[in-house]
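Here are my notes to go with the model. Have it open beside you as you read.

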Amino acid sequence: MRFVRFHERAVPISRYSDPSIPSGRLTTSIVALTTDVTREGKPVVGYGFSSIGRFAQSGLIRERFAPRLMNATDGALVNASGTNLDPFCAWNLMMRGEKAGGHGERCVAVGTLDMAVWDVVAKIEGLPLYQYLANRAGVVRPSTARVATYASGGYLYPSDDLARLSDEIRALLDDGYTHVKMRIGSSPLSVDIKRIESALALMPSANYLSVDAMNAYDPEQSVAAAAALAPYRLWWFEDICDPLDFETLSTVAASYPGRIAAGEALFSLAEARLLNRYGGLRPERDILQFDPAHCYGLTGYLRIVEELRRCGWNGTAFWPHGGHLFTLHVVSALGLGGCEMNPMSFHPFGGLSDGMGPPMVTPHRQKHLASVLKQRRCCTDSFASFTSDAAPAETAVCMSGFEAI
Ligand SMILES: [Mg+2]
């Protein structure tokens with residue numbers, strides 16, 4: 001039982017539903033790992049991608065980490081009972097010979113392949129990923145488990161920004177989302193305040209809107225923004241300053257009364273420990289957003305969750321970055337706080353299904369999704385697997401990204 005073939009390709013993705021709007025030439029890697037295991041006469045293939053926001057990792061995947069998986073001796077990656085491949089064995093093999101530190105974007109390359117490995121083992125087991133992961137983690141979950149989700153978007157438009165932002169927020173609310181996250185930090189604070197007030201005019205309450213500064217603020221700007229935003233009582237204030245500027249983050253946390261969200265741009269257990277120790281975050285209030293693909297994959301993410309739980313954080317504080325089906329399965333399996341969704345951006349990977357993007361919504365489908373997503377919840381039981389052929393209607397958007405390989 002082993003991997004016999006891999007494919008990787010860099011594909012473009014965009015922060016906007018309109019692909020003509022420049023989005024910084026953002027890309028992501030998609031990978032396929034083929035095994036010598038067959039089901040119904042076909043080899044079992046696992047799929048993964050580099051999540052969103054960190055560009056493709058083609059060189060590291062092709063030259064370093066995928067060959068290590070391909071060159072594993074027969075049986076080296078098999079679990080103790082000999083019934084399946086073991087994602088932890090695969091992860092250890094990929095990291096063999098790597099020195100401590102120097103996470104760079106190595107963690108994203110490993111995480112991309114790790115996603116495909118978890119997809120493979122769930123498929124060999126014949127279970128949806130969330131069910132396989134919950135079983136493995138010993139999590140007892142009700143058969144109708146639901147996951148809290150929110151809609152992520154609100155990037156600055158190059159023209160006619162306020163009107164287009166309002167249209168976007170309105171569309172997300174029409175899709176059934178109750179909670180929305182928008183971006184700030186790429187305009188002067190006075191402009192962002194106007195953008196926030198435009199969005200709030202459409203929301204039932206400020207407590208339904210969070211803002212993400214995308215780590216743009218320097219120390220002085222961070223403190224000024226926190227002071228300006230505090231009276232609005234927003235849902236949360238995310239990615240305030242440089243991800244490793246724990247001094248500024250702790251200064252803001254000492255005075256900002258609302259929730260702070262952080263961790264999206266930290267990629268290792270060592271960095272998560274530093275955030276916990278020096279970031280000044282408040283476990284009873286704040287939000288942790290480590291990305292299960294970016295921080296050395298789900299295998300690395302599980303170690304972060306386990307460690308921070310030991311340090312006093314509740315599982316409900318974890319709302320992972322990503323906004324796609326893989327994170328949805330992880331949140332469901334581990335009983336975490338909730339899941340980001342990108343229904344209008346990062347096509348074909350964002351959102352829940354082919355019905356979420358307004359250009360693709362049929363009236364019937366829209367109505368169905370609105371009812372399912374009321375109370376910002378969705379049911380993962382309708383997904384047969386993260387990328388299963390058995391659920392094409394639910395995973396068509398995600399699968400279309402893999403068709404090229
Ligand atoms: Mg963010």
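1. A term to begin with: two residues are in contact if their C-beta atoms, placed from the backbone, lie within 7 Å. By that rule, and leaving aside its neighbours within four places in sequence, Thr 299 is in contact with Pro 87, Phe 88, Trp 91 and Asp 114.

2. Some housekeeping. This is a predicted model, where local features need pLDDT of at least 70 and side-chain atom pairs count only at pLDDT 80 or more, while totals for chains, interfaces and linings use all residues. Residues are numbered from 1 along each chain as its sequence is written. Helices (H or I, at least four residues) and strands (E, at least two) are DSSP runs, numbered from the N terminus.

3. Back to Thr 299, which sits in helix 10. A residue is called buried if 20 or more other C-beta atoms lie within 10 Å of its own, exposed if 12 or fewer, and partly exposed in between, with C-beta atoms placed from the backbone. Thr 299 has 22 C-beta neighbours inside 10 Å, so it counts as buried. From Thr 299 to Asp 114 it is 185 residues in sequence, but 7.2 Å in space, C-alpha to C-alpha.

4. Now look at helix 3, residues 106-125. Its 20 residues reach 29 Å from first C-alpha to last, close to the 28 Å expected at 1.5 Å a residue (that is, 1.5 Å times one less than the number of residues). Why call helix 3 largely enclosed by the rest of the structure? Because 17 of its 20 residues are buried. Gly 126 follows helix 3, with a positive phi near 80 degrees.

5. On to the sheet: 3 strands make an open, antiparallel sheet in the order 1-2-3. Strand 1 (3-12) and strand 3 (42-49) are the edges, each pairing on one side only. Strands pair if DSSP finds at least two bridges between them; strand 1 and strand 2 (residues 27-39) are joined by 9. Helix 3 packs on this sheet, touching strand 2 and strand 3.

6. Helix 9 (residues 269-278) has Glu 271, Ala 272 and Leu 275 as its buried residues. Seen down the helix axis, they fall within an arc of 105 degrees, so they line one face (the arc is that of the directions from the axis to the C-beta atoms). Ala 270 and Arg 277, on the other side of helix 9, are exposed. Covering the buried residues are, among others, helix 8 (246-255), strand 8 (260-262) and helix 10 (297-310).

Methods: Axes fitted to C-alpha atoms, helices over the stretch in contact; angles between N-to-C directions.
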